[in-house]
Amino acid sequence: MTIVTDRSMSRPSGAPLPNRMRMTSGGRRSVAEDVGKRAIKTVLLGAVVAITATLAHAEDMAETISRYRHAHGLSAVKTDPQLTAIAERQAKAMAASGIMDHNVAGSFAARISGARTDMAAENIAAGTRTWAETFHMWQTSPGHNANLLQSKADIVGVAVAHNEQTRYNTYWAMVIAAKPSKKKEPKVAAERKTPERQAIAW
């Protein structure tokens, strides 16, 4: 929770009023500007806290993926802001539309085209409530598991979005990729699809 407070209004006798307390032409004090600035600061601070919480959650998810990869003799992955933004856009688009589909925010190839990677793959899911449940579903699906275990992957972005007005309520997206080597063109891994069920992942 963020609380914005004013400092004490006491001042030495005869000192000028702070700008926000100066009189206006109507003879009234104008504090609306100050209140508006404080409200904007509160909103911006709240957004920073939310983004920080999202990034911290993304770090935890990347750590889970890294532990799983280590157990299979593979390198760790680190959270990448660009991949996280791509995953977040996909998760939000699915939540907004109520549709779980790789193409709801544009094709994966188009969405990843701005990122500099040698390879990239995407997993999506809907209907699972927790990261642990989503991750387990991906582990037990051959196509999703293959994406988690991409041998050259070293960066990842994971996001979740909610919309209680939709069938699935919760939508997940993960983009995993390899940083670019100096001469290779980016490759896009095939998108994985599985039959629809109550909690589903693609």
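Predicted model: local features only at pLDDT ≥ 70, side-chain atom pairs only at ≥ 80, totals over all residues.
## Confidence

The mean pLDDT of the protein is 74, and 62% of the residues reach at least 70. Residues 39-53 stay under 50 in pLDDT. For that stretch the model has three contacts beyond four places in sequence. Residues 193-197 also have a pLDDT below 50, and this stretch has 10 contacts in the model beyond near neighbours in sequence.

## Helix H4

Helix H4 spans residues 131-139, and its buried residues are Trp-131, Thr-134, Phe-135, Met-137 and Trp-138. These residues lie on the same side of H4, because they cover an arc of only 160 degrees around the axis.

Strand E3 is formed by residues 155-162. Six of its eight residues are buried, so E3 is largely enclosed by the rest of the structure.

E3 is joined to two strands. Strand E1 (residues 78-79) runs parallel to E3, with two bridges between them; here Lys-78 stands opposite Ile-155. Strand E4 (residues 170-178) runs antiparallel to E3, and eight bridges join the pair. Val-156 has Ile-176 of E4 as its bridge partner.

## Thr-117

Thr-117 sits in the loop that links helix H3 (108-112) and strand E2 (119-126). The relative accessible area of Thr-117 is 3%, which is under the 20% cut-off, so the residue counts as buried.

Along the chain, Thr-117 and Ile-155 are 38 residues apart. Their C-alpha atoms are separated by 9.3 Å in the model.

Note on methods:
Residues numbered from 1 in each chain as written. Heavy atoms only, no water. pLDDT = per-residue confidence, 0-100. Contact = heavy atoms within 4.5 Å. Buried < 20%, exposed > 50% of the residue type's maximum accessible area, 1.4 Å probe, protein only. Helix = DSSP H or I, 4+ residues; strand = E, 2+ residues; numbered from the N terminus. Arc of directions from axis to C-beta. Pairing = 2+ DSSP bridges.
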